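Open the model in your viewer and keep the selection panel at hand. Each stop below tells you what to pick next.

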Amino acid sequence: MEASLEEIETFLSTPKTLVIVGASTNVSKAGNYVPEFLKNRGFTIIPVNPFAESILGINTLKDLSELKESVDGIIIYRRPESVDEVITNAVDMKIPWIWLPTGVTSLNGPKIAKDLMYVENKCPLALIKSWINQGKWTN
């Protein structure tokens, strides 16, 4: 189900464990600086990238299927043609929150993730910064 802004704010208000599929070693990409921002806010980040040994000082998983621990959510930084497969895998793994950040979309995502919390085309970093700027959250 599509998460409301209120549900998203509640989810992001306390640190969680998030798996980041498509995490990047490139500091200018959102797949790097958004997870870094979340890590600095106390979130536990599990990066997934088949081409990197570590990201943000954290050993990477080569594939989502290597995930052995329970996580609170997944953020997917992948090209549109790969997204539905990742969403399907996340649903099969019972990851409760599926998040497609700004610029990442899926026509089938809401249907695939119908029984889970689903966010599309919203950046967690931008949302948190806006809540800080509005005085709703502290820095």
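Start with the lining of the largest pocket: by class, 9 residues are nonpolar, 6 polar and 5 charged. Here Ala, Val, Leu, Ile, Met, Phe, Trp, Tyr, Cys and Pro count as nonpolar, Asp, Glu, Lys and Arg as charged, and the others, Gly among them, as polar. This is a predicted model: local features need pLDDT of at least 70, side-chain atom pairs count only at pLDDT 80 or more, and totals for chains, interfaces and linings use all residues. Residues are numbered from 1 along each chain as its sequence is written, and side-chain values use heavy atoms, without hydrogens and water.

Now select V21, G22, V48, P50 and R78. Of the 20 lining residues, these are the closest to the centre of the largest pocket. Next, colour helix 3 (80-92). Helix 3 gives the most to this lining, with 4 residues.

Move on to F11 and W97. Why does this pair count as stacked? The ring centres are 4.2 Å apart and the planes lie at 15°, so the pair is stacked (centres within 6.5 Å, planes under 30 degrees apart). F11 is in helix 1 (residues 5-12) and W97 in strand 6 (residues 97-100), 86 residues apart. F11 is buried at 7% relative accessible area (buried means under 20%, with a 1.4 Å probe and protein chains only). W97 is buried too, at 11%.

How values were computed
Rings of Phe, Tyr and Trp (its six-membered ring) pair if their centres lie within 6.5 Å; planes under 30 degrees apart count as stacked, over 60 as edge-to-face and the rest as tilted. Helices (H or I, at least four residues) and strands (E, at least two) are DSSP runs, numbered from the N terminus. Buried means under 20% relative accessible area, exposed over 50%, partly exposed in between (1.4 Å probe, protein chains only). On a 1 Å grid over the protein atoms alone, a cavity is a set of points where a 1.4 Å probe fits but cannot get out, and a pocket is an open set with protein on both sides within 12 Å along at least five of seven lines; lining residues have an atom within 4 Å of a point.
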